[in-house]
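Hi,

Here is the structure I promised to pass on. My notes on it follow below.

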Amino acid sequence: MRQPWMRMPRFRARLGILILAAAVALTTSLPIWAVPVPSAAASTPTVVTLGFDDGTVDQFTNGFPILAAHGMHATFFVNTGPILAGDPAHMTWADLHALASAGNEITGHTIDHADLKPLSVAAAEHEVCDDRNTLLAQGFAPESFAYPFGSFDATSETVVHYCGYNSGRGVAGISKSGPFGETIPPADAYATRTPPNPKKATKLSTLESYVRNAETDTQSTDWVQFVFHHVCDKSTGGHCGAYSISLPKLTAFLDFLQGEVTAGRIVVETTAQVIGGPLNPACHWDTDGTGCIPPAP
């Protein structure tokens, strides 16, 4: 409890002057290297998200071991159509459950990798909502969405929100010349921005530069989302199309990220960890709309 003398205005004013004078004297008496300065490491670290689109099997066989070896988690945006069809080029439910059990996020990307923009609202809701409902039925927690081809408009955003997702991710908007990262929270959670998708020809230094640019940005809440597709192992005859990253390059990039994490400059989080929000129920869009989230009036 405060003592009565501490409420005396003249005493408190004099006490403040004495404290300030002592602080100034201490600071000016110290050598310049000993004067406290704000630490760059004390600022909010850049957030990096590792995203993998489409649910291809090489992401599990080649990418997952590299993630696990570095103690990192990623967000896997999957298409449930090929999985339900048993397509060998895509992961199985068992693969996805293994990823989820290890701490990775399993979430939606439409049933058939459909471009939402030209679809009717009903067709878009089928692709987005039923894809999400299937993931929910499998025991996953789909909270984040990635637009196939990065293609979306205002109607697409409304559909993704209606189906129960807390965010929607594109594939552009961040560049070497700025902006250097998405904000946290994003200005539009259903149109979050990323650097260009890494391709086979993308240099390791280029990937690293997106992180370094965000680290040195004056904005302390930069979020850099990387969007990977195939994880290519040429030694076993793996698919190495344009949108692929080799095992050595992915390993080297995660080595780099691990060093930045250790230095306190970044943290690696899944999309759901960054965005937050509830796990919404299944959306019965085709019957009575139960569980769906209509736009705010």
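At 56% relative accessibility, Phe149 counts as exposed (over 50% is exposed, under 20% buried and anything in between partly exposed, with a 1.4 Å probe and protein chains only). Phe149 is not a glycine, yet its phi is positive, about 65°. You'll find Phe149 in the loop between strand 4 (144-146) and helix 6 (154-162); helices (H or I, at least four residues) and strands (E, at least two) are DSSP runs numbered from the N terminus.

Before going on: this is a predicted model, where local features need pLDDT of at least 70 and side-chain atom pairs count only at pLDDT 80 or more, while totals for chains, interfaces and linings use all residues. Residues are numbered from 1 along each chain as its sequence is written, and side-chain values use heavy atoms, with hydrogens and water left out.

Thr110 also has a positive phi without being glycine, near 80°. Thr110 is buried, at 0% relative accessible area, and sits in the loop between strand 3 (105-108) and helix 5 (121-137).

The loop between strand 5 (167-173) and strand 6 (192-194) holds Pro179, and Pro185 is in the loop between strand 5 and strand 6 too. A cis peptide bond links Gly178 to Pro179, with omega about 0°, and another cis bond joins Ile184 and Pro185, with omega about -5°.

Lastly, helix 2 passes helix 4 in a left-handed crossing (the near helix is turned anticlockwise from the far one by less than a right angle). Val57, Phe60 and Phe64 of helix 2 meet Asp95, Ala98 and Leu99 of helix 4, with contact meaning heavy atoms within 4.5 Å.

Cheers
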